[in-house]
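Biologist: I'm new to this one. Could you put it on the screen and walk me through a few spots?

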Amino acid sequence: MKRKYIAAVLTVFAMTTVCSTAFASTEHYTDSSIVGAETGWDEWVANWDETASDFTKVSLTPGKDDTELNFAWYSEKTDAAATPVVHFGTDKDALDTFEGTSGEVDQDLTGDKAYEYNHVTVTGLEPNTTYYYTVEKNGEQTEPVEYTTKSTDTVKMIYVGDPQVGASKGQTQDGAELVPDDGAANTAARNDGFSWNRTLNTALAENPDVNFVISAGDQVNKTGAAKEEEYASYLSADALTSLPVATTIGNHDSLNPDYAYHFNNPNNTENGKTAAGGDYYYSYGDGLFIVLNTNNYNVAEHQNTIEEAVKAYPDATWRVVTIHQDIYGSGLDHSDTDGMILRTQLTPIFDANDIDVVLQGHDHTYSRSKLLYGDGQTHQSYEFSLNADGTDYDWDHATNVDTQEQIALAPEEGDTDAQAALDAFHQDNSCYTIEDVDGDTVTDPQGILYMTANSASGSKYYELLSTQQDYVAARSQNWLPSYSVITLTADAFSIDTYQITDDGKAEAIDDTFTIKKTGADAADASADTTDGSSDDTDTAADTTDSASDTTEAADTSADAAAEASEN
């Protein structure tokens, strides 16, 4: 069983992070005009104006368990009332009707054109069954779409990071610079949407029995600005008409409510909220999946979500968390800055709740950790503070929450005091223990596996840190889009990772890694979690009480900076 360490003091601070691009590769991106030259690029370009202007595409999301499926879509606002209705069933000529909710879309996001969002949950799904669905857009039904459920005894997932449609801005294609302008003029979104579609099609061709997709965040690129053409490009992928995606709120998704309009997430909580929404969770097969909006650094709220999810699904064999920031990654841009800052706070919470695997994004590189658990020591808490005029975060410094010390992340040469403070910051973040296990198959481990996904579209890549960290077992950056395939059963969790070559082939970039569980260990872990929940709850309550004033002030500061942040 995992050790249950909770730091004596977890000072929390709610804020929304944004993405620095200082170390993004300016030489490498996936040029769809090249990789798609023989597979539909010209047709995609010819249809781009229509694609970019269609904000009404349907998105599918897993429901609260594998018997449910969630739908979301826009409909143009007319004199008639919105009709949030899905028709669903096994006989496309006699579909059952499911009604949901609707609301107005902020017209600042849609070029002043009026839309309404529609959210509907379909219930009663059975495994290995073919269904059909239509949705209503102001009373008009769409054409039927086939949707087939897969086995829930063996659950297969595609795990991706950072499609970030639109992030190829500034790259050169056919002698011109890709630009992030609005609407069809967003040629960066045109490029990246094609590659995102290509990745999903490649992954599904190799794995037709996939149940759903897990995205570790940054579906789109524009930060704090209207970006509907990027969502339109993202949702236009062929597979997404019949493939649910459990998305995570990335920093580029976080600052607008459009994410919450486009994705109807199950078991939404009030914890970890930014403008895009907060934490949520769901069950599928033998797994409990917890998705945290770590753009809000209020770790006490994330702890509440995890404990609520565990209580709701106590019999789940596997507990998998998805976050956007990579607290144990290996990329140059984030893993030793805003990713590391979350590490001291989240590690003991994950340990205490017997999390098995943490899926991460944000760093646009691939890495697989060794099995890690906390060191049982008390560590400091850190944050990024606002700059002097409150328009952005001070990316040059980490702030110690308790002492308010400003730690320069890139000290000037010869500044020995600043270098010493940075060294102490890095040392304090060595808050983990590496479990002594051998091989690529482990049984009943104590530690947690942390994965970091590279870009699924290839819209933007980052360099790896020059020195591989001791907690990293494998890593790569080959400037190619990648995806992982997770296979989950009652007694095993396996993950394989692939990159997509320019000629469209899927190549393995790491060995299969497998965690096995015995029934006895799973039962012990469940009992231990239940027995220890009262102590954990007491600690969490103390933490929340001690942090409430800080969090309240931070919420105000975060909101003030959110609209101005565009990195």
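Modeller: Let's start with charges: the structure holds 11 salt bridges, each being a side-chain nitrogen of Lys or Arg within 4 Å of a carboxyl oxygen of Asp or Glu. This is a predicted model, where local features need pLDDT of at least 70, side-chain atom pairs count only at pLDDT 80 or more, and totals for chains, interfaces and linings use all residues. Residues are numbered from 1 along each chain as its sequence is written, and side-chain values use heavy atoms, with hydrogens and water left out.

Biologist: Which parts does the salt bridge of Lys77 and Glu104 tie together, and how many residues apart are they in sequence?

Modeller: The two side chains meet at 2.4 Å, N to O. Lys77 lies in the loop between β2 (69-76) and β3 (85-89), while Glu104 belongs to strand β5 (residues 101-104), so the pair ties together parts whose separation in sequence is 27 residues. (Strands are DSSP runs of E, at least two residues, and helices are runs of H or I, at least four, numbered from the N terminus.)

Biologist: Is Lys222 buried or exposed?

Modeller: Lys222 forms a salt bridge with Asp182, with the closest N and O atoms 2.7 Å apart. Buried means under 20% relative accessible area, exposed over 50%, and partly exposed in between, using a 1.4 Å probe and protein chains only. Asp182 has 57%, so it is exposed. Lys222 has a relative accessible area of 6%, so Lys222 is buried.

Biologist: Which residue is linked with Asp182 and Lys222 in a network of salt bridges?

Modeller: Asp182 and Lys222 already pair with each other. The network that links them also includes Glu229.

Biologist: How far apart in space are Met157 and Val213?

Modeller: Met157 sits in strand β10 (residues 155-160), and it is buried because its relative accessible area is 0%. Its contacts (heavy atoms within 4.5 Å) include Phe212 and Ile214, not counting residues up to four places away in sequence. Met157 and Val213 are 56 residues apart in sequence, yet their C-alpha to C-alpha distance is 5.4 Å.

Biologist: Which strands stand at the edges of the open sheet of three strands?

Modeller: The order in that sheet is β21-β22-β23, with antiparallel pairing; two strands pair if DSSP finds at least two bridges between them. Each edge strand has a single partner, so one side is left without a neighbour in the sheet: these are β21 (382-383) and β23 (406-408).
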